[in-house]
Amino acid sequence: MHAQDRRALPAVSGIVGIDIGGTKISGLVVDDRGEVLARGSVPAPASEGGEAMADAAAALASALADRAGTPLAAVGVGAAGVIDQETGTVRAASATFVGWAGFPLADELESRLGVRVRVENDVNAFLLGEAAGAADVEGDVLGVMLGTGVGGAVIIDGALRHGPNGAAGEIGHTPGYSDLVCTCGQVGHLETLASGTSIGRRYAERTGGAAPDAREVAERARAGDADAAAVFHAAGRALALACASAATLLDLPRAIVGGGVAEAWDLLEPAIAETLRTDAPVSGLPLIILPAELGGDAVARGAIEAARRALVPAGAL
Ligand SMILES: [Zn+2]
């Protein structure tokens, strides 16, 4: 199927996209042209366990379908954690999500809502949403999410690459970028320089005092603070090196970078450009590293796309 053919296919109305994060659960419903019919969010009860999270997500999905005036047909979910693709169960998750690892999220939502549910890792959903939004449905692209941590995803021939353990694309935990201890306990990972948390910490190490958040460091950099600028330069260089390594390995022409840190693209971009000049993929073809375009909607839109691909019978496409 050609990209143009697939792009011309109608989206399936009635699929609600849900983005389950550590602080909030958000969602949206779009029409066949991709226009948002309804959106909303609720606080995520991540400390109360999987049942409470499923209750909140299911209630939001129902409310959004009602508000959009469409019968609920299916639900796509982008959720934090390593997700088992076959079952929609959370395999592993950070400690801030109580009772999340091992939680059969898809089954629990299906029993609450009475419709099919497709669960995808949130960074995978982010990349699927961005790629679909750019009408790039057959391409090869790397996704990097610079948030509290650093996540990654890979699309090859238009399809997400999950890997046998559902952990493909975890670029944040590739080594060699620093001598610092990562949140995972290992040393030198990309995340030690490029996550929002790390940017605050690296700045505090240079200047003393408590670690500000990445947004504050960005404001200081723009105001002429050399330490703040140096922290973003190091983040941009490490990000570009990681993208160049992945691109070289898999012949990826493009990387899309999202998450809160990517909002400081003006501060990352000079180091990215400089690094790509010295460390370009051996193919000789330019690697393009771009900031994400869909903002906070990317995960939910990608979740809708994941559900559409997985749940709609092939004959209906
Ligand atoms: Zn790590």
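Author: Let us begin inside one helix, where helices (H or I, at least four residues) and strands (E, at least two) are DSSP runs numbered from the N terminus: Glu305 and Arg309 both lie in helix 10, four residues apart, which is about one turn of the helix. This is a predicted model, in which local features need pLDDT of at least 70 and side-chain atom pairs count only at pLDDT 80 or more, whereas totals for chains, interfaces and linings use all residues. Residues are numbered from 1 along each chain as its sequence is written, and side-chain values use heavy atoms, with hydrogens and water left out.

Reader: What do the side chains of Glu305 and Arg309 meet in?

Author: A salt bridge is a side-chain nitrogen of Lys or Arg within 4 Å of a carboxyl oxygen of Asp or Glu. Here the side chains of Glu305 and Arg309 meet in such a salt bridge, at 2.8 Å from N to O.

Reader: Is Glu305 buried or exposed?

Author: Buried means under 20% relative accessible area, exposed over 50%, and partly exposed in between (1.4 Å probe, protein chains only). Glu305 has a relative accessible area of 11% and is therefore buried, while Arg309, with 27%, is partly exposed.

Reader: Which residues do salt bridges that share partners join into one network?

Author: Glu51, Asp55, Glu108 and Arg112 are joined in this way. Within that group, Arg112 and Glu51 form a salt bridge at 2.7 Å, N to O; Arg112 lies in helix 3 (residues 105-113) and Glu51 in helix 2 (residues 50-68), so the pair ties together parts that are 61 residues apart in sequence. Arg112, at 26% relative accessibility, counts as partly exposed, and Glu51 counts as partly exposed at 43%.

Reader: How many salt bridges does the rule find across the interface of domain 1 and domain 2?

Author: Domain bounds come from an automatic or database domain assignment, which here gives domain 1 (3-128 + 296-316) and domain 2 (138-292). The contact, meaning heavy atoms within 4.5 Å, takes 14 residues from domain 1 and 22 residues from domain 2. Across this interface the rule finds zero salt bridges, although the count by this rule comes to 15 salt bridges.

Reader: What is the area buried between domain 1 and domain 2?

Author: Buried area is the accessible area (1.4 Å probe) that two parts lose on being put together, summed over both. Between domain 1 and domain 2 this area is about 1300 Å², of which carbon and sulfur atoms give 66%.
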